Amino acid sequence: MSTMAMIRYETRPEAADENQRIVEQVFAELNAEDPGGVRYMSLRLADGVTFVHVVISDGDLSPLSKSSAFAEFQRGLGERVVGPPVRVEGMLVGSYGMGG
């Protein structure tokens, strides 16, 4: 069974570019290691400081939990954000051109 979550947060303006760089490192690691069992995307919204991540994992434990780049992303997140991230669990109803 797949699990889906959407995480949304706002960075401090001066930390937004650094946050994007760190997120890009997560994707570079995922592309290099191809752990399988996960579909993941991240958006930087038009305001330049809001980020939305959508992750769909096969099973209860996401391969992101084993990623060193994702651990690095999480380690400094509190210093980059304005408030705590908001995580919403969900269920994939449908998708077009986005995998799944």
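**Figure 1. Strand E1 in the lining of the largest pocket.** In this predicted model, E1 contributes the most to the lining of the largest pocket, namely four residues, where strands (E, at least two residues) and helices (H or I, at least four) are DSSP runs numbered from the N terminus. Local features need pLDDT of at least 70 and side-chain atom pairs pLDDT 80 or more, whereas totals for linings use all residues. Residues are numbered from 1 along each chain, and side-chain values use heavy atoms, without hydrogens and water.

**Figure 2. The largest pocket and its centre.** The largest pocket has a volume of about 370 Å³. Its lining comprises 20 residues, of which Ile7, Val55, Phe70, Gln74 and Arg87 are the closest to the centre. A pocket is an open set of points on a 1 Å grid where a 1.4 Å probe fits, with protein on both sides within 12 Å along at least five of seven lines, and lining residues have an atom within 4 Å of a point; the volume is the space filled by probe spheres set on the points, which are joined across faces, edges and corners.

**Figure 3. Helices H1 and H2.** The axes of H1 (residues 16-33) and H2 come within 8 Å and cross at roughly 160°, with axes fitted to C-alpha atoms over the stretch in contact and angles running from 0 to 180 degrees between N-to-C directions. The two helices H1 and H2 are therefore roughly antiparallel, a term for angles over 145 degrees.

Definitions and conventions: Angles under 35 degrees count as roughly parallel, over 145 as roughly antiparallel, 65 to 115 as roughly perpendicular and the rest as oblique.
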